[in-house]
Amino acid sequence: MIEVSHLRKTFRVARRDEGFGNAVKALFHREYEEIHALNDISFSIGEGEMVGYIGPNGAGKSSTIKVLSGVLTPDGGECRVDGRVPWKQRVKHVAQIGVVFGQRSQLWWDVPVVDSFELLRDIYKIPEATYRKNVRDLTELLDLRELLRTPTRQLSLGQRMRCEIAASLLHSPKILFLDEPTIGLDAVSKLAVRDFVKRLNQEHKTTVILTTHDMQDIEALASRVILIGKGKILLDGTLDDIRKGNEQIDETIAHLYKQYDI
Amino acid sequence: MKKYLSFFRLRFVMNLQYRVAALAGVVCQFFWGGMAILAFYAFYQTDPASFPMDFQATASYIWLQQGLLAMLSLIGGTDGQVFEAIQSGNVVYELCRPVSLYAMWFSNNVASRIARALLRFIPVVIVSSCLPAPFGLMAPPDAGTFFLFLLSLALALLVTAAFSLVVYNVTFFTISDRGVRLISTSLSDFLMGGIVPLPFFPEGFRQFAELLPFSCMENVPLRVYSGDLSGAPMVRAILLQVMWLFLLVLIGKALEHKALKRVVVQGG
């Protein structure tokens, strides 16, 4: 389903020391530093798999998701998702996937959520019958009934996130990328999101790739874990492979980060 | 096609949410239009012979300009959302849609221009055509002229939208939109005849300004309406509009192609 080999992406970041003098100096001469966000990444994911993609902040998780969803063009390496090269066949590719960026919003701010849904229906050319069925199912599973008629700007974060997830699934994608879907959510909303993703994977065989810092997300959802640090893949296995004894999952991961010095 | 109509519908609905803004806009446009006409009138009275346009045509120009301000000014209204999306990195979501980014932004831009203008155009036209001559909006000389006005207005709308798309795409490279916005709005306001109509420009400079893309924006339709621009010069102006539309779309698309290759999504 997803084949990634030797993926590379480098960013140039302008750096300067603090202070007014240095800010003025940077006007004329700028120092750049190359950041290897992705440094030779390879993995493959099969159909219907649910994979947790973890790593500390700045490890390259989001960059990988952005490459896989056709937004970023990598500097090198190959990647095929369902036979397509995401950045070369962007329009065709994105019609088949769903993406949720937990820190951003895809719903139009000023209008009720259902207006955004209808626009998405037209953008993705979803047949009316499928659209109705999906909205009905998603409304029930994510408990959206009251929310659909509310303008996005008046939703709480948890309510909005549920709507965001629904919005990404209206066109019944075969692959779903979730980039920190539970960030900032309360316990109830987190559980609701996890349950929903689990059912989606079981019932529709949707392939799910999930990045998160919440290890309980991983515990609840992902049978397979890929650990990335400083742009490299450090570990690819199950949660049980990583866990030692009765340690709490957060401690296990912290140890792991220390062990790999990331 | 359907998705572009949906953009339009959503834009229109969004604009309906801001009734007070539309009302305030209309009031402001009446004041501004009135002031401009009085200033031109003072100028006209000192020496009617050196006035380069018919006074009634000038008044109509100003009223139409005020009525269509939301449609024909280069940057404004909802454009902020695009700049914001590029700056904050929210543009990733737009890149996750199975639509060409250019087509999506272009149709959004045109849709929001039309939607915002519709609300404001009607009151300005009704009131200004009730004003006594020569201060009010005159009727176009004949039906043919009115048709040509509509044609050149549509072209002006598309040229203006194509130019804003160029500005959008430049923002991918500069990140901050302030500089590009400032330069392009002040240049376009002046050179498209937003401050004084192009016939008031000094000889030589006027001929130069008439070749620029800005002259293909509000300058052409507003002068076609009153018959100030007619015959061969009008045909030339409309052809120039078509040419600039074509060129600006090409430039915008080329910039976008380049920008997307090296796009860096801001903010993680």
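**Exercise 1. Determine what the mean pLDDT of chain B is and how many of its residues, as a percentage, reach 70 or more.**

Step 1. The structure is a predicted model, and the mean pLDDT of chain B is 88.
Step 2. Counting residue by residue, 97% of chain B reaches a pLDDT of 70 or more.
Step 3. A caution belongs here: where pLDDT is low, the predicted coordinates should not be read in detail.
Step 4. For the model, the scores are ipTM 0.81 and pTM 0.85.

**Exercise 2. Describe which elements make up chain B, and decide whether its radius of gyration agrees with or departs from that of a compact globule.**

Step 1. Chain B holds 12 helices and zero strands, and so, read from the N terminus, its elements run α-α-α-α-α-α-α-α-α-α-α-α.

Step 2. A compact globule of 268 residues would have a radius of gyration near 18 Å, and because chain B has 19 Å, the two agree.
Step 3. Taken along the principal axes, the box filled by the C-alpha atoms of chain B is roughly 60 × 40 × 35 Å.
Step 4. Of the 268 residues in chain B, 44% are buried.

**Exercise 3. Work out how the axes of helices α8 and α11 of chain B cross, and which residues make the contact.**

Step 1. Helix α8 of chain B covers residues 143–174 and helix α11 of chain B covers residues 219–226; their axes come within 8 Å and cross at roughly 175°.
Step 2. Angles over 145 degrees count as roughly antiparallel, and therefore α8(B) is roughly antiparallel to α11(B).
Step 3. On the side of α8(B), the contact is made by T145(B), L148(B), F149(B), S152(B), L153(B) and A156(B), while α11(B) contributes V220(B), P221(B), V224(B) and Y225(B).
Step 4. Sorted by class, this contact of α8(B) with α11(B) has eight nonpolar, two polar and no charged residues.

**Exercise 4. Find how many residues each chain gives to the contact between chain B and chain A, and which helix supplies the largest share on the side of chain B.**

Step 1. The contact takes 21 residues from chain B and 23 residues from chain A.
Step 2. On the side of chain B that touches chain A, α1 (2–16) and α6 (91–95) of chain B each supply at least two residues.
Step 3. The largest share of that side, six residues, comes from α1(B).
Step 4. By class, the side of chain B that touches chain A has 12 nonpolar, five polar and four charged residues.

Methods: Residues numbered from 1 in each chain as written. Chains lettered and ligands numbered in written order. Predicted model: local features only at pLDDT ≥ 70, side-chain atom pairs only at ≥ 80, totals over all residues. Axes fitted to C-alpha atoms, helices over the stretch in contact; angles between N-to-C directions. Helix = DSSP H or I, 4+ residues; strand = E, 2+ residues; numbered from the N terminus. Parallel < 35°, antiparallel > 145°, perpendicular 65-115°, else oblique. Contact = placed C-beta atoms within 7 Å. Nonpolar A, V, L, I, M, F, W, Y, C, P; charged D, E, K, R; others polar. Rg over C-alpha atoms; globule rule 2.2 N^0.38 Å. Buried ≥ 20, exposed ≤ 12 C-beta atoms within 10 Å, placed from the backbone. pLDDT = per-residue confidence, 0-100.
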